[in-house]
Amino acid sequence: MNTVKPMKPRALPALMLATLATLATLLAVAPNVRADEVSVAVAANFAGPLTKITEGFTAATGHTLKVSAGSTGKFYSQIVAGAPFEVLIAADDETPKKLIAEGLAVQGSNFTYAIGKLVLWSAQPGYVDDQGAVLAAGKFAHLAVANPKLAPYGQAGMEVLKARGLADAMTPKLVTAESIAQAYQFVATGNAELGFVALSQVATPGKPVTGSYWLVPASLYGEIRQDAVLLKTGAKNPAAAALLAYLKSAPAKAVIQAYGYGH
């Protein structure tokens, strides 16, 4: 009578064992490396740079951004009303401080990521001279400016008009925009011959400047310190903290400087 000998278990190849070990490790840590999304409210002047920064941020961390661009003042009202933004990248430093004081942002999380620069811009080449004399000449029908009550760049534009003694003369010509992005659109579409916008909107890295502009001397308006802050709604989202940390990184700073911001 033949007896059937039990088969000896075959040894698994070393490569397969290593692969299984790697898979086990990945499964063990997967919950800790999950990519998250962060809801960001960004000042309109910084929307372009943030798009570029997002590429590096997502590549480095895996996290993604859900971005809304607009005026800082409008975002403040929305956040107070309960809008679910997790990070505010503002066009000033006062709004983040106010949100912290009101218990809507995390104490100590605010920092200045850029110093804004104001320009007087026209979509027409040669229309705006490098001294801003076109303002005093007044040979135009419309001057676009963001709402100074909502947008720091709009407030800066009004300060320039006062400094030049032109506030009263310009009042009939002013076209008030909801945000600096809309002010840019008014000029770009020809609804206003010129307007006050951010340097970052007209001096895009790698692209020729469209039209003509005057880089307004910083002495004519208050410094535009642009701060970012972690909102209470994003306090437990690791992606929100990671974004603020990335804004301070060398790659992000390089993009910010390339768009003409000071620091």
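The sections below proceed from the whole chain to individual residues.

## Basis of the model

The model is predicted, with local features requiring pLDDT of at least 70 and side-chain atom pairs pLDDT 80 or more, while totals for chains, interfaces and linings use all residues. Residues are numbered from 1 along each chain as its sequence is written, and side-chain values use heavy atoms, leaving out hydrogens and water.

## Overall architecture

The protein has 11 helices and 10 strands; these are DSSP runs numbered from the N terminus (helices H or I, at least four residues; strands E, at least two). Of its 263 residues, 44% are buried, where buried means under 20% relative accessible area, exposed over 50% and partly exposed in between (1.4 Å probe, protein chains only).

Contacts (heavy atoms within 4.5 Å) that join residues at least 24 apart make up 79% of those between residues at least 6 apart in sequence.

## Salt bridges

A salt bridge places a side-chain nitrogen of Lys or Arg within 4 Å of a carboxyl oxygen of Asp or Glu, and the whole structure contains four. One of them joins Lys-74 and Glu-178 at 3.3 Å, N to O. Lys-74 lies in helix 3 and Glu-178 in the loop between strand 7 and helix 8 (180–188), so the pair ties together parts 104 residues apart in sequence. Both partners are partly exposed, Lys-74 at 35% and Glu-178 at 41%.

Another salt bridge links Lys-52 and Glu-55 (3.7 Å, N to O). These two residues both lie in helix 2 (residues 47–61), three residues apart, about one turn of the helix. Arg-225 also forms a salt bridge, with Glu-223, at 3.3 Å between the closest N and O atoms; Arg-225 is partly exposed at 33%, whereas Glu-223 is exposed at 54%.

## Lys-173, a buried charge

Lys-173 occupies the loop between helix 7 (167–170) and strand 7 (174–177). This residue is buried without a salt bridge, and the nearest side chain of opposite charge, Glu-193, is 7.5 Å away; Lys and Arg count as positive and Asp and Glu as negative, with His and the chain ends not counted. Beyond neighbours within four places in sequence, Lys-173 contacts Gly-138, Phe-140, Ala-141, His-142 and Leu-143.

## Asp-129

Asp-129 lies in the loop between strand 5 (118–122) and helix 5 (133–137). Its C-alpha is 6.3 Å from that of Trp-214, although the two are 85 residues apart in sequence. Asp-129 is partly exposed, at 27% relative accessibility.
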